Each structure stands twice: as structure tokens, then as C-alpha cells.
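Student: Hi! Could we go through this model together?
Tutor: Happy to, let's have a look.
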Amino acid sequence: SGGMGQNSPNLLWVYVNFRLQLYMFPVSQEVNCYSSFDSGNCDDLWLLGEVTMDDCCLNPHYGYIGADGKCKSCGPPSWSEWTAWGRCSVSCKEGVSQRRRECQGQGKCAQTTIHREIQKLALETKVCIDSSCCPEQGQWSKWGQWQPCSVTCNKGVRNRVRTCTEPQPRCGGSCDGPSEEKEPCVVDRICPTHGGWSNWDGWQPCSGTCGGENLPRPTQRRNRSCNNPPPSSVPPGDECPGLGSNTRTCDELPFCPVNGNWGPWGPPSSCSVTCGVGIHEMLRQCDNPAPKHGGLPCSGSNKDQKICNTKNHCPVDGQWSQWGKWEECKSNRGKIRCRKIGGQQRRQRWCEHAGFDGKTCEGKITDYRACYDIKFCDFDGKWNEWSEWSQCEPPCGEGAKRTRERTCIPDLSEYGETVGFHIKVKAYFDGTPFANCTLLKDPKQSLACMNVPPCDT
């Protein structure tokens, strides 16, 4: 909104600091450079090669592998998205769940006024209950009667069962041990033995070494025997079903193979980027000669890449800072404090990090809103309802607690919700007034958080 004119000194200061953050590493440090940084991942698909960290970070969209083995961003510092809430620390009754985030980019991430400690910025903890009760085991009933034998001759098995009902398990519990028991059984009668085929023998050699276009195809044969087991005589068993031999044609006899060989490399392509580091690519063909009649293809790749360095810094697009605080509510009609007369207040933000012909921020630098000045004004008050329970503090280790409270709020019903003569706009209240409420025995409550994991070392 303001362009590069009135804000250029601030932009230059941010850019200098941003450059200082980029060059904190020694110039001689070599790193693996990647042409894309995807939420903390350096995919080998985007690997460019080894360059100094300074040259890799000529492009703020690139990433590199740091000395700790983790993927680092070349861009300005920013917080990652929160991870999903983790599993509850216990499987039943009350526990806690945690989630984390990390600072990515060059430099330190800004701390908010709410979170004053680094650990609070990177870890959050809340109460969870996966199940209101814990599993209770059941007990088995007595074993049932043995079932009849599974065969009508020779040896088989029989089984008996029991049920998990004395008592039944509760809340996802079970009974220990099997519900079924088996034992061998014998029927006093000889069984007949039916014949079974042996495995097929290997295929015999083809009747020819190659096949012609106008000649019958060569064949090959394999055999098997009815001896696995042979059929019994008393009592008589069945013969093996099917044939004891198998014949097939040799349809895939090859021509003499010709292995492929690579032709010369073609000229290198132009650099893949116009700023930062990229790659040259060269191609070759498997045509010296090409593989024929089942010959082996050329070994290796038909592509070769070499790193290229433009020594040009890539554009860095601007990013809006957080909005500043709202300024004091004022009116050109004179004093409005503690009066039902609307005023106006403003807040500002700045376009940071833009450089190297990058885009400036889109949108307005100054924001205005209608307001009432109620700073230090006296009002009748009333107690609001209980707030939601807070997150556990501290988020890890012993002594974690959660709290809720009720606050005395002023009665502002005599003030209009909008101000303006021709165009009505919503009005906001500026300043902290005095609210007079009846005394409340205990406006704040706290409870201990259960099963909170210890803090990371």
C-alpha cells in the first residue's frame, strides 16, 4: 500500500538483519542444497548438489541439510503448523494429550505476548479421556463335552469348548487362554490309501535350438509318477486322476541377442533457473547400436546433471508484520472520555523482508475503527459465566494445573452499538473501565492435570 517510498528505511533495516541471519554460517561450509523446502522435508527429487550454505540460500524458497541432519529452510523465520494432538497419555480415565510445532527458517521466530517461554511456544497440553472405565477380565465356564472324532477311520482329532461368561468381561476386557481344546482320537478301522502324484519332473530340452517361420515349433516334455503315495490294494485305493506326462511347444526360442551401447552425450542445456543455483542437463541415446532380439539395454541413465550457479539472488517477497496496538480513541469534537460520543482510533503494520525486486505487500498499512473512550470510567458491573478450562500449565512435568474464572464486566448497555450520521459503523470500546460488582466468594478455580508426561531434556 505504501510502496517502497516512505517505508524503504524500515525495509532496508529488516533486509540487512535478514542477510545477517543468512550468513551466520562459515562461508566454507558445504551443504546439500534442495530446490524446494516442503514443511521441513528435503525430498531427494529436488536435490541440486553440494554448494555453500550462502549460495544455496540465495533463493529463500530453497532448503538444505544442516549439521544436525535435519532439513532447514532458507526463508525468513516462521512457526510451522501445529502437529495433530497426540494420543492420550493413558488408555482409560483422565490423562493428557500434547501437540508441538517448531521454528523454521533463518533466525529466531517472534514470541507473542501470551507465550513468554520457548517451551510454551513449541508444546501445548490438554486434558483427555479416551474411556471412562478400565478393562476388567472375565472368567471361563467349565469345559463342555468332547465332540465326536473328526474321521471315520484311523486317526483324527476331537474338540471341546468353553465360554467366557463366569463372569463376563467388562469395558473391553477378555478371558485369558483358549476357548477351544483339541486332542487326538483313534477309530478302530483301516482307511484306504488313494494314489497321489509326485511333483513334475523338470522340462526336458527342446527338440530344436531355434524356431523357423515355416517349420513346426520344437517341443519339450515332462513326466510325473503315481507314487506319492501309491494306491493301496487292501482296502483298494483310487488311482491318480489325469495324465502322467505333459508336452508344450518351445515358442520363445530367441534370435541371437544384440546388446545396446550408448551414443555420445549431447550438448548441455541452459541453466534451469535464472537466480540462485540450478542444474545443466545432458542427454544421450542408446543407439550405438540399439538392442535387438532380446539383447541387453544400455546400462546406466540417459541423463546427466551438473550444478550451475547464476550468482544472482532470487526475489524476496515482502511479508506483513503483525498489526500494532490500537492507538488512543480520539475525536475532533473535543474530549469524549466517559461520554457517549463516538471517536476514531487507528493501528499500523509494516511490510518486511522485501528485497531483490521481490513483490511488496498487498493491502493497507493503516487500519481505522470507530470507538468509545471508556478508560478509567465507573460503571455498574455484573459477573459473567465461568470461562472454559485453560490448558495445562506448565505443559509438561509435575505440578501441571488447569484453571477457569469469572470476571466482573461493566454494563455498557447505554452505549450504542454503532456510530455515525449518514453511514453507521460498528463501534468498539477503548480502555479499561472500573466495574462495580457484588463480592463473589471464589471467582477463580483450579484443578490438577493427571498423568502429564515429563518434560523433554
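Tutor: One term to begin with: buried means under 20% relative accessible area, exposed means over 50%, and partly exposed is in between (1.4 Å probe, protein chains only). This is a predicted model, where local features need pLDDT of at least 70 and side-chain atom pairs count only at pLDDT 80 or more, while totals for chains, interfaces and linings use all residues. Residues are numbered from 1 along each chain as its sequence is written, and side-chain values use heavy atoms, with hydrogens and water left out.

Student: Good. Are Tyr-372 and Tyr-415 buried or exposed?
Tutor: Both Tyr-372 and Tyr-415 are buried.

Student: And how many aromatic pairs are there?
Tutor: The count is five. Rings of Phe, Tyr and Trp (its six-membered ring) pair if their centres lie within 6.5 Å; planes under 30 degrees apart are stacked, over 60 edge-to-face, and the rest tilted. One of the pairs is Tyr-372 with Tyr-415, edge-to-face at 4.9 Å centre to centre and 70 degrees between the planes. Tyr-372 lies in strand β18 (residues 366-373) and Tyr-415 in the loop between β21 (408-410) and β22 (418-419), so the pair ties together parts 43 residues apart in sequence. Strands (E, at least two residues) and helices (H or I, at least four) are DSSP runs, numbered from the N terminus.

Student: Which residues make up the ring cluster?
Tutor: Ring pairs join Tyr-372, Phe-379, Tyr-415 and Phe-429 into a cluster.

Student: Is Phe-429 buried or partly exposed, then?
Tutor: Phe-429 counts as partly exposed because its relative accessibility is 33%.

Student: Switching to cysteines: how many disulfides does a search of the whole structure find?
Tutor: The search finds 21 disulfides. The rule is a pair of cysteine sulfur atoms within 2.5 Å.

Student: What about Cys-42 and Cys-71, how far apart are their sulfur atoms?
Tutor: The sulfur atoms of Cys-42 and Cys-71 are 1.8 Å apart. This pair links distant parts of the chain, 29 residues apart: Cys-42 is in the loop between β1 (30-34) and β2 (47-52), and Cys-71 is in strand β4 (residues 71-73). Its S-S torsion is about 65 degrees, so the disulfide of Cys-42 and Cys-71 is right-handed. Both Cys-42 and Cys-71 are buried.

Student: Why is the Cys-206 and Cys-250 disulfide left-handed?
Tutor: Because the torsion about the S-S bond of Cys-206 and Cys-250 is about -105 degrees. Their sulfur atoms are 2.1 Å apart. Cys-206 counts as partly exposed at 26% relative accessibility, whereas Cys-250 counts as buried at 5%.

Student: New topic: where is Ser-97?
Tutor: Ser-97 is in strand β6 (residues 94-100), and with 3% relative accessibility Ser-97 counts as buried.

Student: What does the side chain of Ser-97 reach?
Tutor: The side chain of Ser-97 reaches the backbone oxygen of Gly-86, at 2.6 Å.

Student: Last one: which ring does the charged end of Arg-248 sit over?
Tutor: The charged end of Arg-248 sits over the ring of Trp-203, 4.1 Å from its centre. The rule wants NZ of Lys or CZ of Arg within 6 Å of the ring centre and within 35 degrees of the ring normal. Arg-369 lies over the face of Trp-326, at 4.2 Å from the ring centre.

Key: Polar contact = N/O pair within 3.5 Å; in protein donor to acceptor, adjacent residues only side chain to side chain.
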